[in-house]
Every structure is written in C-alpha cells, then in structure tokens.
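Here is a brief report on one protein chain.

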Amino acid sequence: MPDGESSAETPLDEDTDAGIELPPHEPDPLQRMFEDIRAFVAERSWEPFHDPKNLAMAVVSEAGELAAELRWIAGEDADAHCQDLEARQRVADEIADVLITTLMLADRIGLDVPTAVFEKLAKNRLKYPPGSP
C-alpha cells in the first residue's frame, strides 16, 4: 500500500485481530441475529421489561444516542467525521443499538422484518416516484 493511504479495515476488523470472534456469515444472518438477541436477553432475565411500549421507548432512546454522536457536527463535515476511526466506531455502536432494540421489538410483536421492509419500500415508491420533489 502506498504511503499516505489507509487500509480499508474498520474497527470491527481490528476487533477480530484483538481476539474477539465475530460470527461467520451464515445463510440467514437475520435469523442468527434474532437468536443471539433472544439469548442475550434471556441470559439477563430482561423479558419482563420488554413489552412493546418499553421496546419502542428504547428504540427512541438509542436513536437519540446515535443523533448525539453527530449533534454538533456541521452537515458538510458529517461524512468526514464518520470516517474518523474512533467516531465511526461510536456511530457504528449506536447504529447497532438502534437495530438491536428495533429487532427486539419486531420479534416481540411477531413482525416479519423482511416483508415489512419490502412492503414499506413498495409504498414509498408509489408515494415518492422518481423525479418527485
């Protein structure tokens, strides 16, 4: 690699080098995420606290923590900020927290996440056709 260029490694790649074993990509990573999240929650006996209302509030709370990572960054500087390794890792952690709590809520209410996403994208395509303001 020429001088002045950085590798494409992310902090997550560095974690693997640090001895943290990340799960391999499996045929259905979404199912694996649900299984791991359920196990994490069960190991801590958190199920009684994870009703839909509390989980929705947790999603909002985690989204607030994500927003806080970028709160005082000028819009034109946000992309560069998110490429800084330390800032990127903080943002990645908060995105993961938002996704984890969202998946916990989806699991609790029995939502088929891929179907919900594809159906919503179809609705959005109708609502916001190409070339619309």
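## Ground rules

A residue is called buried under 20% relative accessible area, exposed over 50%, and partly exposed in between. The model is predicted.

By these cut-offs, 16% of the 133 residues in the chain count as buried.

## Overall layout

The chain holds six helices and zero strands. From the N terminus on, the order of elements is α-α-α-α-α-α.

Take the contacts between residues at least 6 apart in sequence: 63% of them join residues at least 24 apart.

## Salt bridges

Side chains of opposite charge can pair when their charged atoms come close. How many salt bridges does the count give? The count comes to four salt bridges.

Asp-36 forms a salt bridge with Arg-32, and their closest N and O atoms are 3.1 Å apart. Both residues lie in helix α2, which spans residues 29-43. They are four residues apart, about one turn of the helix. Is Asp-36 buried, exposed or partly exposed? Its relative accessible area is 37%, so Asp-36 is partly exposed. Arg-32 has a value of 23%, so Arg-32 is partly exposed too.

## A bridge between α2 and α5

Asp-107 and Arg-38 also meet through their side chains in a salt bridge, at 2.7 Å from N to O. This pair links distant parts of the chain. Asp-107 sits in helix α5 (residues 85-109), Arg-38 sits in helix α2, and the two are 69 residues apart. Asp-107 is partly exposed at 29% relative accessible area. Arg-38 is partly exposed at 37%.

A further salt bridge joins Arg-44 and Glu-43, with 3.1 Å between the closest N and O atoms.

## Helix packing

Two packed helices are described by the angle between their axes and the distance between the axes. For α2 and α5 the angle is about 90° and the axes are 10 Å apart. An angle from 65 to 115 degrees counts as roughly perpendicular, so α2 is roughly perpendicular to α5.

Which residues make this contact? From α2 come Leu-30, Met-33, Phe-34, Ile-37, Arg-38 and Val-41. From α5 come Ile-100, Leu-103, Met-104 and Asp-107. By type, the residues of this contact divide into eight nonpolar, no polar and two charged. Arg-38 and Asp-107, both part of this contact, are also the partners of the 2.7 Å salt bridge.

## Nonpolar core

The largest nonpolar core has nine residues. They are Phe-34, Ile-37, Val-41, Leu-55, Leu-103, Met-104, Leu-105, Ala-106 and Val-113. Helices α2 and α5 each supply at least two residues of this core. The most come from α5, which gives four.

Ile-37 is a core member and also takes part in the contact of α2 with α5. Leaving aside neighbours within four places in sequence, Ile-37 is in contact with Ile-100, Leu-103 and Met-104.

Most residues other than glycine have a negative phi. Ser-45 is not a glycine, yet its phi is positive, about 55°. Ser-45 lies in the loop between α2 and α3 (52-70). With 47% relative accessibility, Ser-45 counts as partly exposed.

His-50 lies in the loop between α2 and α3 as well. Is His-50 buried or exposed? Its relative accessibility is 15%, under the 20% cut-off, so His-50 counts as buried. Not counting residues up to four places away in sequence, His-50 touches Val-41, Leu-55, Met-104 and Arg-108. Val-41, Leu-55 and Met-104 are among the residues of the nonpolar core.

## A histidine in α4

His-81 is placed in helix α4, residues 78-81. At 18% relative accessibility, His-81 counts as buried. What does His-81 contact, leaving aside its neighbours within four places in sequence? Its contacts are Glu-69, Leu-70, Ile-73, Ala-87, Arg-88 and Arg-90.

How values were computed: Residues are numbered from 1 along each chain as its sequence is written. This is a predicted model: local features need pLDDT of at least 70, side-chain atom pairs count only at pLDDT 80 or more; totals for chains, interfaces and linings use all residues. Side-chain values use heavy atoms; hydrogens and water are left out. Buried means under 20% relative accessible area, exposed over 50%, partly exposed in between (1.4 Å probe, protein chains only). A nonpolar core is a set of buried Ala, Val, Leu, Ile, Met, Phe, Trp, Tyr and Cys residues joined through side-chain atoms within 4.5 Å. Contact means heavy atoms within 4.5 Å. Axes are lines fitted to C-alpha atoms, for helices over the stretch in contact, and angles run from 0 to 180 degrees between N-to-C directions. Angles under 35 degrees count as roughly parallel, over 145 as roughly antiparallel, 65 to 115 as roughly perpendicular and the rest as oblique. Ala, Val, Leu, Ile, Met, Phe, Trp, Tyr, Cys and Pro count as nonpolar, Asp, Glu, Lys and Arg as charged, and the others, Gly among them, as polar.
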